[in-house]
Amino acid sequence: MGRGDCVENKGVLYGSIIFVFASFFLMVGLLAHESYKANQMKQLAASIKSEDRQTVSSGTAQDYSMYKTKMGDEGREMVQIPEGPFTMGSADADPDEAPEHQVFLKGFFIDRKEVTQAEYARFAKMTRRPMPRIEVFEDDQSKLLQQEFAAMSVSWDDATAYCKWAGKRLPTEAEWEKAGRGEGKRKYPWGEKFAVNAANVDGSEDGYKYLAPPGSFEAGRSPYGLFDMTGNVAEWVADSYDEHYYKKSSYRDPKGPENADLKVVRGGSWRETEQNARLSKRFAAKHWRTDITIGFRCAGDPDLPGGTPAS
């Protein structure tokens, strides 16, 4: 091999080495760039999510004293929702929430809080009705079965029986939605954006992994002062379910379609995402269904007998 060949071979070798190192540093640079892009995307996603949320102050309690209250026969506080129109449904959500439409309701009363397990137990004892049963829950039913927690695993028939026993009734779907959102178009009881400290939904970021005692979220109260209209337990209402009902419902005091096996559930629960806990969201369930995510509250007419003014 001649001297020229050696020089040429060394040139090829050095070139190969330079190429390898250059490729290595290029690859490291690309990985660093991709890592930077991924981090930027995470920050962007976080900022978008934070923009979709708002902070609701729980430090200063709002004054709801302008709304009349009374005690029902079973000793639970009710709030009077004034007569008038409100906007029901949503134009940019699920098909069964459309069309967004105006509804006029006469005044009515509705429970300020969801019925608790202790309150339901008193009803069951006095009427000799069996208590709700749940399947084994994570090997520890006590995570759900607490007297101060919201009643759950009750069927629509059970909820209807309780309200009748208390001299009340289940709220209509329209009554429930007005009590939750007021006369405007708010997405949640407190406003348009979700707030972590305002409702018990899926996850433990709100302070509760499972159920919470009704009334735990002062910051999440509705315009009329009702608690837990979003999250904790979803709630039975009186209406039967029809996906297309909003297209044909009456303007004044709609009662829902004719009786059917499917009933409406509103408000989301501790297992729902914040998106599915919006006030306009509609769920359907068989009237005999029992579920650890479904509870209820009662309503009544202004001339509800047996009530006394609340102090």
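User: At what angle do helix 2 and helix 3 pack?
Analyst: This is a predicted model, in which local features need pLDDT of at least 70 and side-chain atom pairs count only at pLDDT 80 or more, while totals for chains, interfaces and linings use all residues. Residues are numbered from 1 along each chain as its sequence is written, and side-chain values use heavy atoms, with hydrogens and water left out. Helices (DSSP runs of H or I, at least four residues) and strands (E, at least two) are numbered from the N terminus, and the axes are lines fitted to C-alpha atoms, for helices over the stretch in contact, with angles from 0 to 180 degrees between N-to-C directions. The axes of helix 2 (residues 117–127) and helix 3 (residues 156–165) are 11 Å apart, and the packing angle is about 80 degrees.

User: Which word describes how helix 2 lies to helix 3?
Analyst: Helix 2 and helix 3 pack at about 80 degrees. Angles under 35 degrees count as roughly parallel, over 145 as roughly antiparallel, 65 to 115 as roughly perpendicular and the rest as oblique. That angle therefore makes helix 2, relative to helix 3, roughly perpendicular.

User: Which residues of helix 3 does helix 2 meet?
Analyst: Contact here means heavy atoms within 4.5 Å. From helix 2, Glu119, Tyr120, Arg122, Phe123, Met126 and Thr127 take part, and their partners in helix 3 are Asp158, Ala161, Tyr162 and Trp165.

User: How many residues of this contact are nonpolar?
Analyst: Ala, Val, Leu, Ile, Met, Phe, Trp, Tyr, Cys and Pro count as nonpolar, Asp, Glu, Lys and Arg as charged, and the others, Gly among them, as polar. The contact of helix 2 with helix 3 has 3 charged residues and 1 polar one, and its nonpolar residues number 6.

User: Where does serine 153 lie?
Analyst: Serine 153 is not a glycine, yet its phi is positive, at about 60 degrees. Its place is in the loop between helix 2 and helix 3.

User: Which peptide bond is cis, with omega near 0 degrees?
Analyst: The proline in question, proline 99, sits in the loop between strand 3 (84–88) and strand 4 (101–105). The cis bond runs from alanine 98 to proline 99.

User: How many charged residues line the largest pocket?
Analyst: On a 1 Å grid over the protein atoms alone, a pocket is an open set of points with protein on both sides within 12 Å along at least five of seven lines, a cavity is a set where a 1.4 Å probe fits but cannot get out, and lining residues have an atom within 4 Å of a point. Among the 14 lining residues, Ser90, Asp92, Lys187, Glu192 and Ser280 lie nearest the centre of the largest pocket. By class, 2 are nonpolar and 4 are polar, while the charged ones number 8.
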